[in-house]
Amino acid sequence: MIARRAFGVIGLGALTLSLAACDGPQSALSPGGRDADVLASLFWIMLIGAVAIWLLINGLFFFLTRIRPRAMPRRAAEALIIGGGIVFPTIVVAGLLTYGLSIMPDQRAVGKGTRIEVVGEQWWWRVHYWPEGADEPIVAANEIRLPAGTRSEITLKAARVIHSFWIPGLGGKTDMIPGRVNRMSLEPTETGTYRGQCAEFCGDSHALMALNAVVLRPESFDAWLGRIARPAGPPETELARKGAAVFLSEGCGACHAIRGTAAAGRLGPDLTHLASRTSLAAGILDMTPEALAAWITDPDAIKPGARMPGYDHLAQAEMTALVAYLEGLE
Amino acid sequence: MTTTDFTPDPARISAVPDQDRWPEGIYPPTEEMLAEPVDPELCKAQEARLREVWADPKGWRYWSAVNNSEVGKWYCLMAFGYMLAAGVLALLMRVQLAVPDNDFLSADRFNQFFTMHGSAMMFLFAVPMFEAISILILPAFLGARDMPFPRLSAYGFWCFVIGGVFVFGSIFFDSAPKSGWFMYPPLSMLDGGIGADIWLLGLSFIEVASIAAAVELIVGVIKCRPPGMRINLMPLYAWYVLVVGGMILFAFPPLIAGDLLFEMQRSFDWPFFDPARGGDPMLWQHLFWIFGHPEVYIIFLPSIAIAAMVVPTAAQIPIWGYSWIVLSAVGTGFLSFGLWAHHMFATGLPAMSLGFFSAASEAVVIPTGVQLFAFMATLMVGRVTMLLPMLWIAGGVAIFTAGGLTGVMVALAPFDWQVHDSYFIVAHLHYTIFGGMIFPVVAGIYYFYPFFTKKKMSEKLGRISFWLTFTGFNICFFPMHLTGLKGMPRRVFTYPGDIGWDWLNAISTFGAFVTAAGILVFAWDLLRPKGKQPLTERNPWNAGTLEWSHDVPEEFWGVRSVPHITSRYPLWQQPKLLERMDAGRYYLADAEFGHRETLITTAIDARPQHIARVTGPAWCTIWAAIFTGGAFIFPTFHLYAPALISGALALACIIWWLWTSTAQHPEVVKKDVGLGLKLPIYVSGSAAPGWWGMFITMLGDMTAFASLVFGVFFYWTARPDFPPAAAAHATLPWVYAAVICYTLAWAATWAARNVNCAGNAARAFQGLVAAVVLTIAGAGSLFWALWGAGMDPTEHVYPAIMWVLVVWVLAHSLAGLVMLGFCIAGSIFGRLTPRYDADLWNVTLFWHFLALTAFVTCTMVGAVPRLM
């Protein structure tokens with residue numbers, strides 16, 4: 001009795017532990033969207049089936065090779081081949097296909113509201129929001145925000161090489177292929193931040209190409225979209241004004257755009273609302289002044305192969321000013 | 001007493017008396033004939049002669065050996081060596097991933113390592129290992145003395161050594177390929193170094209060697225079986241060789257075609273994968289996976305074949321469900337070509353394709369299940385002893401079934417969207433490959449080791465190695481399922497510490513080292529000197545198949561005499577077989593003319609057909625391999641002149657080898673092979689293994705060509721601008737001229753064969769010369785049809801793919817010309833006569849395929865684009 005209770009406690013503990021082990025900001029098993037939820041359920045069902053079948057086959061193998069006292073009749077052998085090799089798998093696979101494929105159309109259903117276009121770059125994400133009826137996109141980078149409770153349409157492209165757009169907590173992945181336009185859609189159900197990462201090998205810093213997907217309540221999403229549609233406000237402090245001058249004199253504007261200033265480069269990420277993002281350098285650094293300074297000083301040390309040159313020649317004061325300016329781009 | 005009733009081929013009008021070409025005498029042998037004793041003196045003399053003929057060369061000349069027992073052994077060890085090397089790369093990667101944000105390996109080096117790990121395991125271990133083991137043991141399964149083309153095996157082996165060292169060696173110069181073993185463009189196209197070229201050219205070179213070995217294995221199974229071993233009596237291993245050989249033949253060529261397109265873009269800027277000029281990176285993915293998925297079964301089925309040999313021995317009864325297994329193996333082979341797109345579920349394929357490929361992928365469960373359950377049924381009916389090899393098989397089953405079940409999961413497109421390219425897939429694929437390949441192969445090595453070396457491996461070390469490998473493997477790869485589901489993508493050189501992947505990765509790294517310890521124990525057991533150990537008994541496992549009739553101590557002649565087989569397990573079911581084989585009672589017990597000979601039988605019923613004289617030790621195979629290597633390796637460094645010279649020298653070596661040692665005129669028309677049967681020594685046409693070799697090679701060649709043609713239609717369906725509206729097309733009159741010239745050249749070759757057969761050698765000579773002139777005219781017309789029209793292959797993918805088809809035809813025309821030249825020279829020097837016409841038969845066969853290639857190309861170039 002005690003033993004049984006002990007087993008029960010251990011079992012329950014193990015279960016809780018293993019469920020806790022499945023959590024994580026990038027886990028497909030702690031879903032925050034309809035697609036990921038359906039797929040997680042599919043996984044748990046398949047897992048139970050797989051464990052049962054595995055035990056059956058290997059139990060039988062063990063029995064036949066280790067336990068069985070004497071040879072068995074030939075008719076049983078024939079039945080095993082036909083039953084185990086043909087009848088059983090046909091039924092299981094047919095059932096699985098019926099269920100598994102039936103969930104597919106929903107996963108790729110057409111979204112409504114603001115369409116989000118994501119372009120894979122080496123190694124960051126160009127993001128364009130296309131509100132319904134808009135002629136021009138709202139440009140952002142390295143983070144996407146989605147309204148909860150709505151299925152949003154996502155258009156996927158790539159600049160030079162193939163990438164794959166994947167936010168496990170919200171749904172499956174779709175490749176971004178140069179010369180092609182792919183589409184997918186996501187329907188987040190719970191607000192929060194979900195980490196995503198490029199899933200197709202895309203060169204040196206493939207490992208360092210991540211992004212956060214921030215799911216907001218619909219009204220917050222609309223308000224936020226309205227905010228980032230606006231150009232950057234003027235620098236507010238003296239230090240920030242100095243930083244803005246450094247930004248322009250160092251030629252940062254050749255690659256980066258800050259709407260509302262002379263900087264209109266298209267090669268690198270748009271920085272108009274840089275400081276409002278949850279992370280830096282495509283999901284790999286926290287948005288802190290120190291991280292920003294480290295990045296500007298030597299991007300290649302943080303992200304091998306990154307195109308951005310290092311600005312280690314900037315004086316301490318210039319760097320502080322520059323960082324202050326960028327940190328002010330809310 | 002039955003006499004043979006070999007009927008002459010009525011379609012063949014021949015000047016040569018038919019009785020010269022056909023066997024005569026008694027077949028099959030009767031019990032009285034077999035029971036007749038052999039004179040022991042004669043037997044001794046025969047043994048001495050056989051021993052001398054089959055002896056390995058001594059000293060440094062040892063490396064010129066070509067017989068299957070030597071080449072097979074080197075091949076196995078070399079493949080095993082590459083496996084250990086690729087395993088070391090895996091360990092280094094696991095060290096890098098043991099903790100988050102590690103800097104043990106740089107991103108660049110990590111990317112080189114994982115690319116090389118995958119490429120080497122696939123191209124330098126898994127496929128070659130199958131071919132190596134098969135070369136080593138297939139003749140013994142079939143009671144043959146050797147493979148049909150020993151020098152081809154040797155050539156393939158040396159190509160493998162050179163190509164492998166070249167590809168793997170690049171890792172030491174920090175210039176290895178680093179775009180993944182799948183080499184997806186555009187990434188691999190943008191790789192500025194020579195890594196991608198090393199991959200493309202080096203591995204193409206090895207693929208050619210793999211295809212050569214596959215051709216030889218297929219011919220071996222079809223033509224080198226012992227008399228009486230009808231196709232339904234073959235050991236299951238031979239069936240699997242046939243299926244897998246066929247798969248290699250049809251799976252590798254699409255990749256070679258893809259490599260060709262790829263290298264043309266890298267070296268000459270032909271824009272096959274460049275979207276800006278009409279290309280499409282997806283074509284590579286299709287071609288790669290049309291190869292890549294069958295590849296999975298190419299490495300899995302041979303291991304099942306090993307299990308199919310071990311299981312009946314462990315159960316001490318014949319395999320249960322032989323026909324089921326054969327059907328399933330063939331079924332798996334066919335199905336595997338219809339699954340490739342499941343590697344591309346996330347690329348945005350239409351829902352229809354996703355559904356189809358999901359269903360097809362799931363369907364593979366059925367033939368796989370049948371094979372597995374047939375083994376279980378055998379164990380059920382028999383009385384099982386848990387031999388050491390069976391332990392490894394059992395471990396393999398436990399691991400493989402887990403991998404198979406996750407395979408069922410990922411075959412479902414929507415679920416694959418989540419786990420594709422994540423660590424879940426890393427776990428899945430290693431479960432299938434370790435369980436479906438490594439464990440059965442190790443089982444096979446333990447099982448066949450006494451056959452290979454006449455010594456035994458240690459039972460104790462075997463068990464230690466098993467438990468280390470088995471537990472280590474699971475510690476390493478089981479957590480990866482979870483790592484993947486928690487979102488960790490594959491092929492990342494580092495990861496952050498705060499998302500719950502750190503402890504899982506630490507466990508995996510620990511497991512990797514335990515696995516490595518297990519493999520090391522095995523390697524030590526395999527390679528440790530066993531000089532003092534006594535020789536093994538002849539049939540240590542009491543198995544029933546023919547390979548255990550081997551001689552202890554070792555003799556190089558393969559079998560003392562080629563037996564007459566009437567059962568699937570001759571050592572169990574034909575009681576006096578062994579003693580009669582040893583006495584030289586059966587066929588071909590002597591080598592009185594001092595040549596290496598093996599028996600050729602008919603494809604289905606295995607009736608004796610003729611004696612094939614196989615080639616002996618030679619250096620020209622090594623030189624041919626070295627120069628072929630040069631032809632592939634120099635272009636890596638854009639050294640095209642040395643490459644051409646090297647290619648010409650390779651060709652010269654091969655011509656020398658064919659001229660001096662294949663299809664020689666024998667000193668007698670027929671030889672008495674014993675048991676009242678006389679067999680011809682020289683045959684031509686479809687009775688000769690060389691004809692089969694050509695036929696099978698050309699099937700592979702046509703597959704590569706078909707892949708290029710597929711490319712045209714792919715661009716047409718995938719790209720709206722194919723062909724561009726304003727594009728220049730090939731000039732029609734020149735295309736017509738090419739069609740006419742190739743038709744006439746083909747007809748002239750064919751006619752030459754027929755009139756030569758009818759005895760008119762002079763007229764045949766004229767036909768051959770005419771064929772040469774017409775081929776040159778045809779090739780020139782085809783070239784001018786595009787060149788004259790000003791089609792620039794760098795401008796757009798349309799002219800580029802048209803040029804590739806034409807280049808393909810031109811290259812084959814060159815080969816056709818060389819062959820015609822070979823026949824013309826043969827005719828001049830008396831090598832090719834109405835009686836000895838095997839070369840001309842084979843060349844005509846090549847020409848059938850060349851003509852087809854040329855016609856299809858002319859249609860593709862001249863007509864199809866105008867209709868699109």
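This is a predicted model: local features need pLDDT of at least 70, side-chain atom pairs count only at pLDDT 80 or more; totals for chains, interfaces and linings use all residues.
Chain B has 868 residues, and 61% of them count as buried. Its secondary structure comes to 27 helices and 5 strands. The C-alpha trace of chain B spans about 80 × 75 × 50 Å along its principal axes. A compact globule of 868 residues would have a radius of gyration near 29 Å; chain B has 28 Å, so the value agrees with the expectation.

Chain A has 330 residues, of which 41% count as buried. It holds 9 helices and 12 strands. Its C-alpha trace spans about 90 × 45 × 40 Å along the principal axes.

In chain B, among contacts between residues at least 6 apart, 81% join residues at least 24 apart. In chain A, residues 24 or more positions apart account for 64% of the contacts with a separation of 6 or more.

## Two domains in chain A

The domain assignment of chain A gives domain 1 (115–229) and domain 2 (238–327). Their C-alpha centres lie 22 Å apart. The two domains touch: 20 residues of domain 1 are in contact with 13 residues of domain 2. On the domain 1 side, strands E2 (124–130), E3 (138–141), E9 (192–197) and E10 (210–216) of chain A each supply at least two residues. E10(A) gives the most, with 4 residues. This side of domain 1 divides into 12 nonpolar, 5 polar and 3 charged residues.

## Where the chains meet

In the interface between the chains, 70 residues of chain B are in contact with 70 residues of chain A. H13(B) provides the largest share, 11 residues. The chain B side divides into 46 nonpolar, 17 polar and 7 charged residues.

How far apart are the end C-alpha atoms of H12, residues 351–363 of chain B? They are 18 Å apart. At 1.5 Å a residue, the 13 residues of this helix should span 18 Å, so the two values agree. The buried residues in H12(B) are Leu354(B), Phe357(B), Ser358(B), Ser361(B), Glu362(B) and Ala363(B). An α-helix has 3.6 residues a turn, so residues three or four places apart point the same way. The buried residues of H12(B) pack against parts of both chains. In chain A, the partners are helix H3 (74–102) and helix H4 (104–107). In chain B, they are helix H11 (322–335), helix H13 (365–381), helix H14 (388–410) and helix H15 (413–419).

## The largest nonpolar core

The largest nonpolar core has 394 residues. Which residues touch the most other members of this core? They are Ala79(B) and Tyr240(B). H10(B) contributes the largest share of the core, 24 residues. The core also draws at least three residues from each of domain 1 and domain 2 of chain A.

Tyr240(B) has contacts beyond its neighbours within four places in sequence. These partners are Leu301(B), Pro302(B), Ile304(B), Ala305(B) and Ala329(B).

## Backbone exceptions in chain B

Most residues other than glycine have a negative phi, and most peptide bonds are trans.

| Site | Backbone feature | Location |
|---|---|---|
| Tyr27(B) to Pro28(B) | cis, omega near -5° | Pro28(B): loop between E1 (24–25) and H2 (31–35) |
| Pro185(B) and Pro186(B) | cis, omega about 0° | Pro186(B): loop between H6 (150–169) and H7 |
| Asp174(B) | positive phi, about 55° | loop between H6 and H7 |
| Arg491(B) | positive phi, about 60° | loop between H17 and H18 (502–527) |

The cut-off for a buried residue is 20 or more.

Key
Residues are numbered from 1 along each chain as its sequence is written. Chains are lettered from A and ligands numbered from 1 in the order in which they are written. The expected span of a helix is 1.5 Å times one less than its number of residues. A residue is buried if 20 or more other C-beta atoms lie within 10 Å of its own, exposed if 12 or fewer, and partly exposed in between; C-beta atoms are placed from the backbone. Two residues are in contact if their C-beta atoms, placed from the backbone, lie within 7 Å. Ala, Val, Leu, Ile, Met, Phe, Trp, Tyr, Cys and Pro count as nonpolar, Asp, Glu, Lys and Arg as charged, and the others, Gly among them, as polar. The radius of gyration is taken over C-alpha atoms; the globule rule is 2.2 Å times the number of residues to the power 0.38. Domain bounds come from an automatic or database domain assignment. A nonpolar core is a set of buried Ala, Val, Leu, Ile, Met, Phe, Trp, Tyr and Cys residues joined through C-beta atoms within 7 Å.
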